[in-house]
Amino acid sequence: MKNISVEDFKISDPISLKDVSTSLDLEASEKKKEKELNKLRENLSEHQDIMYAHNKYSVLICLQGMDTAGKDSLIREVFKEFNPRGVVVHSFKTPSTLELQHDYLWRHVVALPQRGKYGVFNRTHYENVLVTRVHPGYILGENIPGINSVDDITVDFWEKRFEQINNFEKQISDNGTIIFKFFLHLGKEEQRQRLLRRLNKAKHNWKFSPGDLKERDRWDDYQKCYEEAINKTSKPHAPWYIIPSDNKETARVLVAKIIYEQMKKMKDIQEPELDEAIKENIEMYKDILSKEVK
């Protein structure tokens, strides 16, 4: 398999999405990629068990991408070896009536992972500078003071949201949440093929909505919004990684590899040691249990 560096996918300087490839040849068969993914997810699962016992950090995985980019299947395949207590997945859809009674970050704050656990956001707080930017009329549903019409939603409004998101991520990072943000970069032609497969296979018809085609018509607008969001919010404490996603198996391997290699660098995450008083009496405890009447 091709030797790859995690840093090749991390965004440290401004990028133009049209210059970033949506495909990557790992020089490996599908079987070999599956074998590599198996190894990575087992390693991740073992490391999460240690992190759970350590109980000082949590991990937030943010997944964004155009429709059909493979977010659902990536979650299923990358985290399938985790202990169920160790990972919680949240899929954020259109805000509910209750959620609209709070600021736009509220529903994401209450879903943040506990210490020792992974939280996976399938679509994230970034929808508030993506879909709402392509469709600014949605902002009116938030009932924000001073925003009475679309004309009130200025460039400064979006700049303030980017600042708020950066502050939010810095605050949770400073308090022990390790943040990974992945943009599953899908080609427009590959999306067309995936939508066609949904229509051609009866068992996948339920995944298709006519709205998918309307959003596809806004492809260029979405790419522009993604590009700006990534460039304005990729920070050392909360970096964006752009994952070529025309091949789902390749995308899964890359995401798993990035998470595992970065988590291995957290040298202070160790299994807690027993209290010295308990250590000194282990043989006594073993003796007591051994002599219990069966």
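Accessible areas here come from the Shrake-Rupley method with a 1.4 Å probe, and for residues only the protein chains shown count as cover. With that settled, I looked up the total: the chain exposes about 16200 Å², and carbon and sulfur atoms supply 49% of it.

Before going on, a note on what I'm looking at. This is a predicted model, where local features need pLDDT of at least 70 and side-chain atom pairs count only at pLDDT 80 or more, while totals for chains, interfaces and linings use all residues. Residues are numbered from 1 along each chain as its sequence is written, and side-chain values use heavy atoms, with hydrogens and water left out.

**Overall layout**

I counted 11 helices and 5 strands in the chain; these are DSSP runs numbered from the N terminus, H or I of at least four residues for helices and E of at least two for strands. The C-alpha atoms fill a box of roughly 75 × 50 × 40 Å along the principal axes. Of the 294 residues, 45% count as buried (under 20% relative accessible area; exposed is over 50%, partly exposed in between, with a 1.4 Å probe and protein chains only).

I then checked contacts (heavy atoms within 4.5 Å). Among those with a separation of 6 or more, 79% join residues 24 or more positions apart.

**S58**

Is S58 buried or exposed? It counts as buried, because its relative accessibility is 3%. S58 sits in strand β1, residues 58–65. Leaving aside neighbours within four places in sequence, I find S58 in contact with M51, with P113, Q114, R115, G116 and K117, and with G176, T177 and I178.

**Charges**

For charges I took Lys and Arg as positive and Asp and Glu as negative, without His or the chain ends, placed at NZ of Lys, CZ of Arg, CG of Asp or CD of Glu.

Next, patches: residues with over 30% relative accessible area and no salt bridge, like charges joined within 9 Å and nonpolar side chains (Val, Leu, Ile, Met, Phe, Trp, Tyr) within 5 Å. A salt bridge is a side-chain nitrogen of Lys or Arg within 4 Å of a carboxyl oxygen of Asp or Glu.

K201, K203, K207 and K248 make a positive surface patch. K248 belongs to helix α9, residues 248–264, and is partly exposed because its relative accessibility is 32%.

**Nonpolar patch**

I also found a nonpolar surface patch of L274, I278, I282, M284, Y285 and I288, with about 500 Å² of accessible area together. Helix α11 (residues 282–290) gives the largest share, 4 residues. I282 lies in that helix, α11, and at 31% relative accessibility I282 counts as partly exposed.
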